[in-house]
Amino acid sequence: MSDAAIPHPTDPFAPEAINAVDGLTPVDPAFRHVLRIATLLNALPLAIAAMLADIFLVRAIDGPYGLLTVLGWLLGALAVAILPSRRAQRWGYRVGEGQLRVAHGWLFRTDTIVPFVRVQHIDVGQGPVERWFGLAHLVVHTSGTHNSTVTLPGLPADLAAAMRETIRRHIHTDFA
Amino acid sequence: MTDAAAPPTAEAEPHWLRLHPATLALSIAKLGPRSLNFLPAIAALGVTGNWAYIVPAFLLFLLFSLLAAWLHWLRFRFAVGADEVVIESGVLARQHRTIPFDRIQDVSIEQGLIARVLGIAKVEFETGAGGGKDHDASLDAVGLDAAEALRGVIRAHRSELATALAPADAPGAEDRLLFAMGPRRLLIAGLFNFSLAALAVFGAAMQFFDNLLPFDFNIFNPVDWIDVAEAYGLDAWLVAHRWVAGLGAAISLLFIGFAGGVATMFFTNWGFRLTREPRALRRTRGLTTRTDVAMPVRRVQAAILVTGWLRERFGWHELRLQSLASDGGKERDHQVVPFGTLREIDPVLATVAIDRPPGETRWERSHHIVALGGLLGAVIAAVGGAVAIARGEPLGSLAIAAAVLLALAALVGARFRLWADLGDRVAIRRGWWKPKLTLLPHASVQSIDLRTDFVLRPLGLATLVFGVPGGSALGSHAIPAIPVGIAQALRTRILAAGGAA
């Protein structure tokens, strides 16, 4: 993978700096839209539930009427507006010498390395929202109980397919 | 395949076999717990006042259950081919599953109490497929001899294959007894196995059945002991010496704890035998439910040595092997030496080529920050206790005492988090009250997470989490809170070793 070695901006305050420091490639920027829509679909029912609880429950017990609704919609709006782009920037990957490296998260950052020889099988998946933005996710299965699947989302569909081929060539069928 | 009951192999049209008819008997036994499903219906009938319908309804339920079991039996068939097992099941939706012998890691045979009476056994094929038991196949009940023959066929196939690939094992090294437990050892083990759980269960039962018991006696209650003494005219003496009553209660408490420990040890480990077969370790044990499990040596992923603070003083340890194959579904690693000395454990470890760390090993220590979780819990407990006391609840002092204990345990425990890289394997030690030593060969590591978070990052620390086949998803192997640079170097070293293998 030649595109794994793209030079990165080294501004330590840039949100993608954490990837640059680790020598990782960020995922496609369009992934933030995928995350945003997914968050929206999760947050909307929660906000509505909070509102309904407010109307039917808090008012009935003479609680602070309105608080729950405002809080629910406010937090939901924040989660949809601000967090997805930040979360998307924390995802990074690198296809190195015989191994795949996937990192994500900041508060709790997990940086996983899977050697290609340890890969049992590979999936490339595309959800409806991902298809909309031309993205796909790569799922690598290992036989480990922990990390039995390692998912790398936010890849352009053609790159995901190319990565699958790269990894597939490395999988040794060392099982008798 | 000399056994007459061996399933015939290699035929053009598969020779279909059914499960043992005793499956039906087993399904009747299983009906017991399942009839709980029927309780809501009984309740509904009772509430509506239709008491007369309960017995017919229950009979109908029984009839339907038996019919369903019979249909399942009728529609379940399996065949053993030249190099695969085929299982067809399902009454309406048919399922056809083919398991090549190559993919069967192991065949385990389990016999419950009823099964032993009927001479049948449950055969499970472990394929090492992830995602829990649903992906593994099992034959609920076949004759014991047929089960053993089936296992023989698959074993023979595997070892044939293995010898063709690498004729490593000396043919003479067959069925060597590695470890066995006699009644004496079981008794000692049971005494160390002091069971708080048995105490709790017994105590709860006493509370629960207090009013139902024909005699009114709670052995945990010193007052009841005084009552007993009264009956023998000892009461005057006893009231003067109340501590005797307390002692009586305490002794019976201890007795139940010890008896529970000894009983569970006898039930699970009766006739424990660990033998070395050409390519596998084989373990048979159990008093009522007898299990017979074989672990292919090459499938062993990690060794775990567990002991306790007290039993370590007496030189007793427990050895578990983490393997792809599971242990009758209950535990995810195999207890191969439930209770033995290090001198007995070392030969077992040698057979799986995972030696204990040598005495001069230089252990590295995790950062003390690993105590943070426990300390946080202690703080929460202390605050809760303080609030409770402030609200006039004297029991809050208990929570504060617990908080102090929790904090102490966390701080002491943090000092016992050690690790060492031994070249071809990593050793991870933890625990002070229940010391646990994990030996993880580099070659078993499938993936490694390097985790940091907002607490570890400013301290320049990281946690390594290893993806290892087998074992439980909750208790993954990890080295917590070590310097990032060391963690990265260790990760590179381990994965390089795995890639070369």
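## Two helices of chain A

In this predicted model, helix α2 of chain A, residues 31-58, and helix α3 of chain A, residues 67-81, have axes that come within 8 Å and cross at roughly 175°. Angles over 145 degrees count as roughly antiparallel, so α2(A) is roughly antiparallel to α3(A).

On the α2(A) side, the contact is made by Arg36(A), Thr39(A), Leu40(A), Ala43(A), Leu44(A), Ala47(A), Ile48(A), Ala50(A), Met51(A), Ala53(A), Asp54(A) and Val58(A). From α3(A) come Leu67(A), Leu68(A), Thr69(A), Gly72(A), Trp73(A), Gly76(A), Ala79(A), Val80(A) and Ala81(A). Sorted by class, the residues in the contact of α2(A) with α3(A) are 15 nonpolar, 4 polar and 2 charged.

## Confidence in chain A

The average pLDDT of chain A is 83, and 88% of the residues score at least 70. Over residues 1-10 of chain A, pLDDT stays under 50. For this stretch the model has 16 contacts beyond four places in sequence.

## The sheet of chain B

Chain B has an open sheet formed by 4 strands in the order β1-β2-β3-β4, with antiparallel pairing. Strands β1 (17-18) and β4 of chain B are the edge strands, as each pairs on one side only.

Strand β2 of chain B covers residues 77-80 and runs antiparallel to β3(B), to which 4 bridges join it. Within chain B, Phe78(B) stands opposite Ile87(B) of β3(B).

## The hairpin of β3 and β4

Strand β3 of chain B, residues 84-89, pairs with strand β4 of chain B, residues 95-100, in the antiparallel sense over 6 bridges. Glu84(B) has Pro100(B) of β4(B) opposite it. The hairpin of β3(B) and β4(B) has 5 residues between the strands. In this hairpin, Gly90(B) takes a positive phi near 105°.

## His72 of chain B

His72(B) lies in helix α3 of chain B, which spans residues 54-74. Its relative accessibility is 46%, so His72(B) counts as partly exposed; the exposed class begins over 50%, and the buried class is under 20%.

In sequence, His72(B) and Ser89(B) are 17 residues apart. In space, the C-alpha to C-alpha distance between His72(B) and Ser89(B) is 7.5 Å.

Conventions. Residues numbered from 1 in each chain as written. Chains lettered and ligands numbered in written order. Predicted model: local features only at pLDDT ≥ 70, side-chain atom pairs only at ≥ 80, totals over all residues. Heavy atoms only, no water. Axes fitted to C-alpha atoms, helices over the stretch in contact; angles between N-to-C directions. Parallel < 35°, antiparallel > 145°, perpendicular 65-115°, else oblique. Contact = heavy atoms within 4.5 Å. Nonpolar A, V, L, I, M, F, W, Y, C, P; charged D, E, K, R; others polar. Pairing = 2+ DSSP bridges. pLDDT = per-residue confidence, 0-100. Buried < 20%, exposed > 50% of the residue type's maximum accessible area, 1.4 Å probe, protein only.
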